[in-house]
Amino acid sequence: MITIGNLALYLALATSLYAVVASIYAAQAHRGEFVTSGERAAYATWGLISITTIVMLHALVTNDFSIKYVAAYTSTTLPVRFRLTALWGGMEGSLLFWTLILTTLTSLALFQNRYRNREMMPYVTATAATVTAFFVSLLVFLIPPFALLKFPPAEGTDLNPLLQNYWMQIHPPALYLGYVSWTIPFGFAIGALATGRLDDLWIRTSRRWCLMAWFFLSLGNLFGARWAYEVLGWGGYWAWDPVENAAFMPLLTGTAYLHSVMIQERKDMLKVWNMTLIILTFALTIFGTFLTRSGVISSVHSFTQSGLGPYFLTFLAFVLLISFGLVAFRIRELRPRHQLDSLLSRESAFLFNNLLFVGIAFATLWGTIFPVLSEWVRGVKITVGPPFFNRVNGPLAVALLLLMGIGPIIAWRRATFRNLVGNFVVPTALGLAVGTAGFACGMRSLSAILVVSFSAFVLYTIAAEFHSGARARGAMLQESYMSAILGLMRKNQRRYGGYVIHVGVVFMFLGVTMSSIYRTEELHTVKKGEQFTIDRYTLKYMDSENKEDSHMAQLIATLDVYENGKQITTLHPEKRFYKRPEQPATEVDMRSTMRDDLYVVLGSIDDQGVATFQAYVNPLVWWLWFGGVVLVIGTAIAAFPSKAATLHERARVTSTIRR
Amino acid sequence: MSASRPRVSLLRAGNISTMKRELKFTLGIGIIVATVAFLVWTAVDQTKMYMITVAEYLDVGNSYAGNTLRIAGKVAAGTMKWNDTTNDLRFTLTDMDGRGTIEVHYRGLLPDMFAEDKKVVVEGPYASASPFEATALLTTCPSKYEAKANS
């Protein structure tokens with residue numbers, strides 16, 4: 001079996017390299033048969049990587065401890081579902097999994113475009129195959145996944161207990177899908193640059209890929225936050241750790257890109273900017289894998305120093321050089337045909353939104369690599385923590401929130417005085433009223449007041465968009481209000497799906513702001529039968545219990561929770577001591593409501609049964625997760641294939657040609 | 001391809017209102033860029049922490065007076081004292097290369113991954129007195145890529 005796995009992997013290197021060479025030759029020499037040949041090589045790479053992955057999964061499930069990787073990340077007592085997910089539990093497996101996703105998506109993109117965009121496709125194949133070849137060569141030459149142990153142990157080291165968790169089963173696949181999917185739009189961008197087809201064809205073709213990449217990257221970030229919140233037990237969900245930042249930065253530039261392409265489609269502007277954004281987004285995904293695997297930046301998540309760093313940096317430099325080289329080559333053709341008409345216009349709202357996104361991405365990058373930079377420049381290693389990121393990104397994000405409200409209601413081209421008065425008076429008044437109400441209710445944090453006030457502003461403008469659209473449509477088509485709203489979304493999925501996503505983002509803003517500003521945190525040491533109070537909750541420590549099995553020992557506390565003198569629930573925070581590998585772990589227990597989360601961590605229980613608890617009350621954090629759900633719904637509305645959208649698109653294309 | 005050739009832009013016509021508009025945009029973009037730069041600059045200044053080793057702390061620690069430090073080292077074997085009623089943690093932090101030690105005190109929950117002989121980073125303001133009062137303990141979180149290093 002192992003021989004088959006290795007053989008398939010070596011062959012995959014050959015086929016992916018052949019795909020690169022054949023496709024570029026085909027495009028340069030206009031040899032159609034080599035286009036097909038290159039594409040077939042890309043399909044073959046996918047097949048071969050699938051075989052490699054199946055061999056690895058088989059080894060993981062059957063506990064073949066002669067393989068170093070299997071011995072390091074599984075054990076005979078590990079449930080089968082975690083043996084499967086051990087595929088992304090370690091470096092070799094995770095890169096193999098990465099390559100599997102990449103080749104699968106490449107094949108899908110090639111199949112989807114088998115009759116379309118034929119001119120551009122060889123470059124898409126070549127780009128994707130180059131990236132594939134890079135990852136496969138890492139697996140072949142540097143971190144062979146099937147490396148053997150001379151003396152296979154009887155039992156494996158087992159998967160880290162913190163990763164034996166539901167969220168860790170779905171977080172990495174979502175994140176990897178998000179990272180890897182950006183390769184396809186990037187490939188189309190390279191195709192457009194190489195062929196000189198610089199109209200919005202490549203953007204329209206790769207739009208759904210971008211949306212998918214953006215969606216999974218968002219989900220990956222959210223799942224990671226949720227995992228940190230539930231499993232790590234420090235009361236929060238985001239720590240601005242380099243690993244988190246690595247996943248956050250491409251999401252920022254990717255979001256900027258999704259917005260700015262609308263300007264290119266509409267106004268034929270910002271072409272260089274859009275190219276830059278898609279290149280940066282792809283580069284940041286490679287940079288992210290570099291950050292998480294090189295050990296260059298020390299992180300709370302520690303990584304093995306793998307020595308892969310220089311290879312990733314070289315590849316990154318290669319990607320940037322080729323991409324920006326092509327942009328420079330086409331720079332004359334990328335010049336805009338129009339100009340922005342007025343500072344007070346929707347176009348400039350988009351422009352400023354883009355600058356803010358990129359600003360946040362830049363600040364995040366700066367803070368992440370600052371230790372390395374300062375060591376180079378000044379010889380001292382200076383690091384910045386969460387306060388840095390909050391201080392910089394907080395104000396920028398609040399400005400973005402405001403723009404999210406302004407964007408949909410300010411007129412295209414040039415906002416007239418009438419447009420401003422007509423659309424802005426009511427939402428602005430509402431925003432001010434909500435802000436004032438917040439202040440009257442005792443809010444004293446400027447950020448919190450701004451966020452609630454802007455949130456009200458944004459939500460009102462979105463509701464107004466739906467309302468006016470539905471009323472107009474209802475009157476015209478004699479439809480009921482509800483069916484008009486549904487029709488509206490069907491007819492213009494992108495716009496209304498986008499609005500729904502905005503609603504989700506507002507909820508997240510509220511959740512993040514309130515839970516970080518108004519969080520209460522208390523440490524209490526209590527005897528059995530004693531109680532303590534946090535915020536409006538009273539917690540009574542009732543009992544403790546010891547449990548032990550072959551897998552772990554558990555220390556479980558029982559707390560009765562009272563609110564206004566009435567018992568509302570019982571919480572059981574735990575301390576676990578895993579046996580293999582030997583490691584303590586915290587099991588948080590919480591009561592989550594729309595208003596706030598009561599989050600309790602058991603610190604320790606001594607011989608007399610005296611227990612220490614760390615309790616948190618995190619207001620509105622529920623809305624962060626709920627905002628994620630809304631975001632999923634919004635993306636589904638925006639991306640769901642429909643006849644109306646296809647017809648609409650066709651009509652649009654025809655009208656573009658006529659123009 | 002001829003379709004993508006740029007039309008004569010208004011800018012080249014030298015129109016005054018166009019120039020005014022361009023200026024406005026340059027100003028708007030400039031303000032955002034400057035704001036980002038200003039925020040980054042001041043935030044670095046206000047939140048920076050110096051990452052040093054135990055040996056560096058012992059040698060030139062006083063040059064960091066008034067700053068927050070992150071000192072990396074290892075928890076010396078047999079020195080960890082944990083009082084689970086008062087949540088006081090005391091231990092000796094040794095240099096990774098064995099060049100000196102610092103006494104550390106920390107109050108709070110004992111982090112899961114904190115143990116003797118393990119790498120740890122202590123964070124806190126510089127103080128000339130011993131023990132070093134740590135405001136945070138950064139243990140290496142058992143990330144997925146670490147298991148191999150452990151075994």
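I began with one residue pair: T525(A) stands opposite T612(A) in β11(A). The strands here, like the helices, are DSSP runs numbered from the N terminus, with at least two residues in E for a strand and at least four in H or I for a helix. β2(A) and β11(A), residues 611-619, pair in the antiparallel sense over seven bridges; two strands count as paired if DSSP finds at least two bridges between them.

Before going further, I noted the ground rules. This is a predicted model, in which local features need pLDDT of at least 70 and side-chain atom pairs count only at pLDDT 80 or more, while totals for chains, interfaces and linings use all residues. Residues are numbered from 1 along each chain as its sequence is written, and chains are lettered from A and ligands numbered from 1 in the order in which they are written.

**F613(A).** I stayed in β11 of chain A, where F613(A) has its place. Is F613(A) buried or exposed? It is buried, because 24 other C-beta atoms lie within 10 Å; the cut-offs are 20 or more for buried, 12 or fewer for exposed and partly exposed in between, with C-beta atoms placed from the backbone. Beyond its neighbours within four places in sequence, F613(A) is in contact with H524(A), V600(A), V601(A), L602(A) and G603(A), contact being C-beta atoms within 7 Å, again placed from the backbone.

**Two hairpins.** Next I looked at β3(A), residues 531-534, which runs antiparallel to β4(A), residues 537-548, and is joined to it by four bridges. T533(A) stands opposite T538(A) in β4(A). Two residues lie between these strands in the hairpin, and D535(A) in the turn has a positive phi of about 50 degrees. β4(A) also pairs with β5(A), residues 552-563, in the antiparallel sense over eleven bridges. Here E545(A) stands opposite I556(A) in β5(A), and the hairpin passes through three residues.

**Helices.** I then turned to α10(A), residues 207-232. Its 26 residues should span 38 Å at 1.5 Å a residue, and the end C-alpha atoms are 36 Å apart, which agrees; the expected span is 1.5 Å times one less than the number of residues. Since 20 of the 26 residues are buried, α10(A) is largely enclosed by the rest of the structure. Just after α10(A), G233(A) takes a positive phi of about 70 degrees.

Which residues meet between α2(A) and α6(A)? In α2(A) I listed V35(A), G38(A), E39(A), A42(A) and T45(A), which meet M121(A), P122(A), T125(A), A128(A), A129(A) and T132(A) in α6(A).

Conventions
Two residues are in contact if their C-beta atoms, placed from the backbone, lie within 7 Å.
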